[in-house]
Amino acid sequence: MSRNWRRRTRLVHAGTERTPWGETSEVLALTSGFVYDRAETAEARFAARAEGYTYSRLGNPTVRMFERRMAALEGSEEAAATASGMAALTAVLFATLRAGDRVVASRLLFGSTRELLTELLPRFGVRTDFVDGGDVEAWARALERPARLVLFETPGNPTLELVDIRAVAHLARRTGALVVVDNVLATPVLQHPLRLGADVVVYSATKHIDGQGRCLGGVICCSEAFRRDVLTPWLRHTGPSLSPFNAWVLLKGLETLELRVRQATETAGALARFLADHPRVTAVLYPGLPCHPGHALARRQMEAPGPILAFRTGGGKARAFAVLDRLRLFRISNNLGDARSLATHPATTTHRRLPPEERVRLGITDDLIRLSVGLEDPEDLREDLEEALR
Ligand SMILES: *Cc1c(COP(=O)(O)O)cnc(C)c1O
């Protein structure tokens with residue numbers, strides 16, 4: 001871009017490249033391959049002597065626009081798009097780690113991320129030590145020994161536990177570990193891990209970046225060297241490429257990302273306060289509330305506490321299910337980051353595979369309900385919760 005435009009401008013314009021037709025909206029280059037006028041041109045592109053696309057597994061104009069807009073948004077030198085958030089996390093982990101390496105990760109992770117660390121990576125000789133993400137002392141102890149990579153989510157799902165990015169990145173740097181942050185719940189708008197010392201930021205673009213529940217996608221924001229030397233060989237040869245169609249949808253999502261996230265966060269704050277005052281709610285987990293253990297840290301490292309919250313109904317699974325089944329506007333779904341508000345019972349869905357004692361340790365009790373707040377009128381959402389709790 002010709003100037004260092006501010007964030008909302010970058011969300012609309014960054015990375016746009018126009019064909020000679022001069023289309024206003026980003027072109028959807030729905031093509032698997034590319035043709036060359038001369039054999040020499042093909043040779044030059046394959047030898048990387050000439051710029052240009054060769055095959056959409058390796059690069060595509062619409063996907064590239066999405067990557068460049070994400071890098072401009074995150075403030076990273078580079079971004080690499082993938083078919084899903086899990087493809088992004090798999091690429092970062094498998095492209096970085098070697099047999100014998102050690103990972104230190106927070107205990108509270110997205111279910112499939114945890115499976116990668118506990119089930120798949122050990123097959124290749126990589127082991128992971130888990131720590132309680134909110135406990136800086138525990139990170140310090142775990143990082144006294146060498147580690148290749150540090151991985152955490154903040155806020156964590158579904159209890160909204162916070163990790164101190166600056167403190168953990170500082171500890172990790174001393175051991176030479178690569179610091180990877182899954183920033184999905186904070187969104188690229190509300191938290192900037194690279195500025196706090198992280199090396200790599202990963203998103204499931206399926207969530208707020210699309211924001212309308214339409215498609216899967218993932219993206220890795222990183223340095224140019226990391227993309228070129230570590231990621232590109234993995235991505236080229238394993239092929240977790242983002243579809244150009246999904247990249248086009250995600251570019252459209254980015255245009256309204258900040259407006260959507262700010263609005264949903266405002267509503268989430270109002271609903272958190274409503275639930276905190278409700279006699280039939282035994283606890284509300286939301287970093288925007290002063291009672292949340294991560295409240296002070298959220299004020300330091302986030303622009304706002306975000307559109308996800310959770311609460312406890314008391315009365316175990318039966319009461320949580322009764323409340324969920326009475327909701328009419330909030331729909332029961334394991335997804336999050338949609339324009340429609342969604343309610344989840346983590347203990348029986350997203351976190352079902354965790355051993356019961358680990359669920360208790362993480363605060364994922366049977367009466368816990370997670371809410372992903374959407375764009376409906378806040379009063380309608382409040383009334384829906386009110387009626388369900390009655
Ligand atoms: C959804 C999600 C993922 C996985 O993303 P997919 O696009 O579903 O593959 C990873 N991390 C977090 C925190 C998520 O919410």
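This is a predicted model: local features need pLDDT of at least 70, side-chain atom pairs count only at pLDDT 80 or more; totals for chains, interfaces and linings use all residues.
Trainee: What radius of gyration does it have, and what would a compact globule have?
Mentor: The protein has 21 Å. A compact globule of 390 residues would come out near 21 Å, so the two agree.

Trainee: And what box do the C-alpha atoms fill?
Mentor: Roughly 75 × 50 × 35 Å, along the principal axes.

Trainee: How much of the protein is buried?
Mentor: Buried residues are 54% of the 390.

Trainee: What about the accessible surface?
Mentor: It comes to about 17,600 Å². Carbon and sulfur atoms account for 50% of that.

Trainee: Which share of the contacts joins residues at least 24 apart?
Mentor: 73%, counted among contacts between residues at least 6 apart in sequence.

Trainee: Charges next. How many positive and negative side chains?
Mentor: 52 positive and 46 negative. The centres of the two sets are 1 Å apart.

Trainee: Let's go to single residues. Where is R107?
Mentor: R107 sits in the loop between β2 (102-106) and α5 (111-120).

Trainee: Is R107 buried or exposed?
Mentor: Buried. Its relative accessible area is 14%, and the cut-off for buried is under 20%.

Trainee: Which polar partners does the R107 side chain have?
Mentor: One is the side chain of E358, in a polar contact at 3.5 Å. Another is the backbone oxygen of F130, which lies 3.4 Å from a polar atom of the R107 side chain.

Trainee: What else does R107 touch?
Mentor: Leaving out residues up to four places away in sequence, its contacts also include R114, V131, D132, R361 and L362.

Trainee: How far is R107 from V35?
Mentor: Their C-alpha atoms are 48 Å apart. Along the chain the separation is 72 residues.

Trainee: Switching to G363. Where does it lie?
Mentor: In the loop between α14 (356-361) and β12 (368-372). G363 counts as buried, at 15% relative accessibility.

Trainee: What does G363 touch?
Mentor: T159, R312 and L368, with residues up to four places away in sequence left out.

Trainee: How far is G363 from E161?
Mentor: 9.7 Å, C-alpha to C-alpha. In sequence the two are 202 residues apart.

Trainee: And S372, where is that?
Mentor: In strand β12. S372 is buried, with 1% relative accessibility.

Trainee: What lies 2.9 Å from a polar atom of the S372 side chain?
Mentor: The backbone nitrogen of G337. Beyond four places in sequence, S372 also touches residues including P307, I308, F330 and R340.

Trainee: Now D210. Why does it count as buried?
Mentor: Because its relative accessibility is 0%, and buried means under 20%.

Trainee: Where is D210, and which backbone nitrogen lies 2.7 Å from a polar atom of its side chain?
Mentor: D210 is in the loop between β6 (200-204) and β7 (218-222). The nitrogen belongs to R214.

Trainee: Which residues does D210 touch?
Mentor: Skipping those up to four places away in sequence, A205, C215, V249, L250, G253 and R260.

Trainee: Backbone geometry, then. Which residues does a cis peptide bond with omega of about -10° join?
Mentor: T154 and P155. The N157 to P158 bond is also cis, with omega near 10°.

Trainee: Where do P155 and P158 lie?
Mentor: P155 is in the loop between β4 (149-153) and α7 (165-175). P158 is in the loop between β4 and α7.

Trainee: Why flag those bonds?
Mentor: Because most peptide bonds are trans. Likewise, most residues other than glycine have a negative phi.

Trainee: Which phi values are positive here, then?
Mentor: Among them, A48 has phi near 60°, and L160 has about 65°. Neither residue is a glycine.

Trainee: Where are A48 and L160, and is each buried or exposed?
Mentor: A48 is in the loop between α2 (39-46) and α3 (61-74). At 68% relative accessibility, A48 is exposed. L160 is in the loop between β4 and α7. L160 is buried, with a relative accessible area of 1%.

Key. Residues are numbered from 1 along each chain as its sequence is written. Side-chain values use heavy atoms; hydrogens and water are left out. The radius of gyration is taken over C-alpha atoms; the globule rule is 2.2 Å times the number of residues to the power 0.38. Buried means under 20% relative accessible area, exposed over 50%, partly exposed in between (1.4 Å probe, protein chains only). Contact means heavy atoms within 4.5 Å. Accessible areas come from the Shrake-Rupley method with a 1.4 Å probe; for residues, only the protein chains shown count as cover. Lys and Arg count as positive and Asp and Glu as negative; His and the chain ends are not counted. The place of a charge is taken as NZ of Lys, CZ of Arg, CG of Asp or CD of Glu. Helices (H or I, at least four residues) and strands (E, at least two) are DSSP runs, numbered from the N terminus. A polar contact is a pair of N or O atoms within 3.5 Å; within protein, one must be able to donate a hydrogen and the other to accept it, and residues adjacent in sequence count only if both atoms are side-chain atoms.
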